[in-house]
Protein chains: 2
Amino acid sequence: MRVLLVGAGGVGTAVTRIAARRAFFDLMVVADHDLARAEAAVAALGQDGSRFRAERVDAADESAVAGLLARHGCDVLFNATDPRFVMPLFRAARAAGVTYLDMAMSLSRPDPERPYEVCGVKLGDEQFAHTADWAEAGALALVGMGVEPGLSDVFARYAADELFDEIEEIGVRDGANLTVDGYDFAPSFSIWTTIEECLNPPVVHEAERGWFTTEPFSEPEVFDFPAGIGPVECVNVEHEEVLLVPRWVTAGRVTFKYGLGREFIETLRTLHLLGLDRTEPVTVPGADGPVAVSPRDVVAACLPDPATLGGRMHGKTCAGTWVRGTKDGAAREVYLYHVVDNEWSMAEYGCQAVVWQTAVNPVVALELLATGAWSGSGVLGPEAFPPRPFLDLLTAYGSPWGIREQ
Amino acid sequence: MRVLLVGAGGVGTAVTRIAARRAFFDLMVVADHDLARAEAAVAALGQDGSRFRAERVDAADESAVAGLLARHGCDVLFNATDPRFVMPLFRAARAAGVTYLDMAMSLSRPDPERPYEVCGVKLGDEQFAHTADWAEAGALALVGMGVEPGLSDVFARYAADELFDEIEEIGVRDGANLTVDGYDFAPSFSIWTTIEECLNPPVVHEAERGWFTTEPFSEPEVFDFPAGIGPVECVNVEHEEVLLVPRWVTAGRVTFKYGLGREFIETLRTLHLLGLDRTEPVTVPGADGPVAVSPRDVVAACLPDPATLGGRMHGKTCAGTWVRGTKDGAAREVYLYHVVDNEWSMAEYGCQAVVWQTAVNPVVALELLATGAWSGSGVLGPEAFPPRPFLDLLTAYGSPWGIREQ
């Protein structure tokens with residue numbers, strides 16, 4: 001397998017460190033708009049970097065990406081950029097005739113009239129609109145294959161295949177107890193993206209009603225996370241799993257709740273109340289007269305860069321899927337989960353826990369595609385594939401998952 | 001009396017409308033850095049504007065201000081600008097040999113080592129340093145003569161003179177139930193100044209300990225405001241009364257608590273936590289490359305301008321002084337207060353309630369100085385003068401005060 005990895009940010013860099021320890025591929029080209037960043041990722045691998053090459057590329061330039069794929073004879077495009085580049089990279093992979101893999105799907109647009117009741121353009125809609133093209137060409141786009149979406153979807157399929165006869169509800173639940181030395185408030189993930197996720201109308205799926213949206217932060221609940229993380233307040237947010245799981249798994253209800261905790265929820269509410277979440281520019285005094293700036297950029301500029309905080313971070317992050325239903329006529333409720341301790345991921349890989357957890361899952365998926373354990377064509381989510389090989393290989397990567405009967 | 005009013009913002013404009021109905025002065029020159037604003041204030045008076053003149057002036061230019069005082073033969077400089085201009089205007093008045101009056105005092109600077117324990121430079125310190133010059137010249141600087149400080153200080157002196165034999169505590173308490181149509185969050189006062197007041201270390205005075213500071217938002221209490229406003233959560237903030245009252249009135253303890261309400265306090269806390277209260281610039285993307293902007297300016301730009309909201313505002317604002325002590329051997333507790341209903345101030349004066357309430361008190365004080373009911377020399381607070389004439393004249397202005405025994 002020859003892979004073009006686009007994006008050498010936190011997650012892309014962690015991908016190279018995880019992949020470098022595995023034999024399933026022959027070449028991984030690491031491409032970024034900032035060549036120095038790609039080169040730094042490769043250089044950091046030292047003598048393990050012989051199968052890696054650094055390149056510069058503009059992810060929005062479809063022909064440049066297709067050219068790079070052809071030049072290196074790649075058969076997979078692995079998208080590790082931010083969601084704005086999903087569509088150009090998805091199209092470039094199709095044009096080049098290679099397999100495509102991403103960790104977040106094409107963006108949503110709220111319904112202009114009733115944003116908190118009905119869906120407008122949903123996450124992934126633009127990609128799923130091309131399902132027939134990919135299927136007819138016998139080509140595969142594996143979408144939403146990070147940790148959430150990604151591992152969480154594999155868990156959902158595993159529950160349906162092996163743990164339940166009938167499923168009433170599937171709820172992805174994400175929580176952490178990460179703290180950062182020296183900061184009272186330091187998000188462990190991009191605040192720009194977190195605002196985008198949390199203030200978009202959350203989407204829910206019900207078997208009888210289909211997809212619908214709610215107000216931001218709806219249906220708060222306290223979820224008790226394993227591995228010592230404990231109870232964290234979770235609320236509905238817009239996330240890919242709710243759009244993916246119902247396409248392949250039958251369940252009465254599918255939700256995604258993010259364990260933001262009370263303080264973080266209130267912080268986001270306040271930013272929204274004050275209009276500081278907006279991306280449309282406001283005019284303020286600058287050194288040489290008035291300047292127009294995006295309030296959300298100013299919020300991000302006031303906070304530390306989460307990718308640089310791994311060394312000062314403590315605690316664990318947990319991704320997982322809670323499932324309620326029946327098995328052999330009895331009620332059953334389980335939480336399938338994966339925990340990463342920041343101390344471990346920093347010591348083992350020099351990567352912050354949230355970033356490492358996002359990166360390990362697509363590498364596992366690539367290895368399954370390379371060995372043929374996973375195969376298919378069309379635009380497919382992780383739950384379209386057999387879950388057991390994935391979960392076994394994740395364990396073999398040294399990062400086991402867990403199950404809690406509740 | 002011939003008055004130079006510097007500042008034709010919300011409060012300055014309200015001053016002209018209130019003064020226009022009174023006969024105590026011969027001329028009021030309305031000067032602003034923006035001549036159009038001064039002209040608009042005078043033009044709005046219509047046929048009542050014959051005693052008013054508009055001028056342009058830079059409040060920071062002491063010789064220009066002194067020249068303007070001389071040219072119009074003024075005997076009073078009334079400072080209605082923001083606190084940054086207190087010192088140049090205070091000096092200009094002294095240089096010109098005229099009476100000086102303001103509504104906020106020279107700014108504080110926190111102690112660099114222990115900001116939340118001890119005072120650094122206190123509010124008014126720079127002005128009080130000149131007490132001897134003013135006293136020797138037989139000239140008067142009446143400082144802190146708005147509503148708070150101002151009327152609240154008059155109430156403190158009134159309590160000491162007529163209601164109590166001994167005072168244990170004097171607590172200024174300010175609260176409102178103002179709402180603005182169409183906004184979930186719209187401060188009724190400059191957010192820039194509110195952040196400054198609320199995030200500076202609050203100051204407290206105790207007879208045995210002198211002045212000291214606390215953490216922001218300290219000593220929260222729910223105070224029940226009169227006139228239907230009801231209970232509002234109040235916290236310590238830095239305010240002039242705590243620096244003024246103890247100089248002329250004997251009390252065991254003096255505090256100022258602002259009825260910000262829970263939501264507003266949490267909003268300010270969040271802004272502080274995220275560093276969005278800062279005035280030091282951060283660098284963010286602009287249309288033509290990176291630009292440096294002050295986060296606090298961005299917060300202000302995201303919110304509506306409070307001076308423009310009077311027409312959409314509903315509710316009342318209450319300023320007052322709560323006093324606890326003994327009279328004739330018995331315990332006594334009173335709240336002396338002044339309430340303005342926004343509907344009334346808009347209908348009567350076309351002025352928003354908070355702005356009107358700030359403006360009426362210095363006009364009353366000017367009239368007392370014009371008639372000789374108040375006189376003195378040196379740098380004096382409102383509590384240095386007999387309170388009864390002030391309170392009677394305020395009532396005669398159509399805006400009576402109240403007293404609640406509790």
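Helices here are DSSP runs of H or I with at least four residues, strands are DSSP runs of E with at least two, and both are numbered from the N terminus. This is a predicted model, in which local features need pLDDT of at least 70 and side-chain atom pairs count only at pLDDT 80 or more, while totals for chains, interfaces and linings use all residues. Residues are numbered from 1 along each chain as its sequence is written, chains are lettered from A and ligands numbered from 1 in the order in which they are written, and side-chain values use heavy atoms, with hydrogens and water left out.

**Stop 1: a helix residue in chain A**

Select Arg71(A), which sits in helix α3 (residues 62–71) of chain A. Arg71(A) has a relative accessible area of 57%, so Arg71(A) is exposed.

Next, colour residues 3–142 of chain A. UniProt, in an unreviewed entry, gives this span the feature "domain: Saccharopine dehydrogenase NADP binding". UniProt positions follow the numbering used here, feature names are shortened, and annotations may be inferred rather than shown by experiment. The span is 36% helix and 18% strand, and its end C-alpha atoms lie 14 Å apart.

**Stop 2: strands in chain A**

Go to strand β12 (residues 230–236) of chain A, where 6 of the 7 residues are buried. Two strands count as paired if DSSP finds at least two bridges between them. Strand β11 (residues 221–225) of chain A runs antiparallel to β12(A), joined by 5 bridges. Select Phe223(A) and you will find Val232(A) of β12(A) opposite. The hairpin of β11(A) and β12(A) has 4 residues between the strands, and Ala227(A) there takes a positive phi near 60 degrees.

Which strand pairs with β12(A) over 2 bridges? Strand β13 (residues 253–258) of chain A does, in the antiparallel sense. Here Asn236(A) stands opposite Lys257(A) in β13(A).

For another hairpin, select β14(A) and β15(A), which have 2 residues between them. Strand β14 (residues 282–286) of chain A and strand β15 (residues 289–293) of chain A are antiparallel and share 5 bridges. Look for Val284(A), with Val291(A) of β15(A) opposite.

**Stop 3: charged pairs**

Show side chains now. A salt bridge is a side-chain nitrogen of Lys or Arg within 4 Å of a carboxyl oxygen of Asp or Glu. The count over all chains is 48 salt bridges.

Start with Arg37(A) and Asp32(A), whose closest N and O atoms are 3.0 Å apart. Is Asp32(A) buried or exposed? Asp32(A) is buried at 3% relative accessibility, and Arg37(A) is partly exposed at 36%.

Move to helix α10 (residues 261–273) of chain A, where Arg269(A) and Glu266(A) lie 3 residues apart, about one turn of the helix. Their side chains form a salt bridge (3.5 Å, N to O). Arg269(A) is partly exposed at 37%, and Glu266(A) is partly exposed at 31%.

In chain B, select Asp165(B) and Lys327(B), a salt bridge at 3.7 Å, N to O. This pair links distant parts of the chain, 162 residues apart: Asp165(B) is in the loop between α7 (151–163) and β7 (166–176) of chain B, and Lys327(B) is in strand β17 (residues 316–327) of chain B.

**Stop 4: aromatic rings**

Rings of Phe, Tyr and Trp (its six-membered ring) pair if their centres lie within 6.5 Å; planes under 30 degrees apart are stacked, over 60 edge-to-face, and the rest tilted. There are 36 aromatic pairs over all chains. Phe24(B) and Phe25(B) are edge-to-face, because their ring planes stand at 65 degrees, with centres 5.2 Å apart. Both Phe24(B) and Phe25(B) are buried.

Then select Trp374(B) and Phe385(B): their planes are at 15 degrees and their centres 4.6 Å apart, so this pair is stacked. Trp374(B) is buried, with a relative accessible area of 1%, and Phe385(B) is buried, also at 1%.

Finish back in chain A with Phe223(A), Phe225(A), Tyr335(A) and Tyr337(A), which form one aromatic cluster.

Terms used:
Buried means under 20% relative accessible area, exposed over 50%, partly exposed in between (1.4 Å probe, protein chains only).
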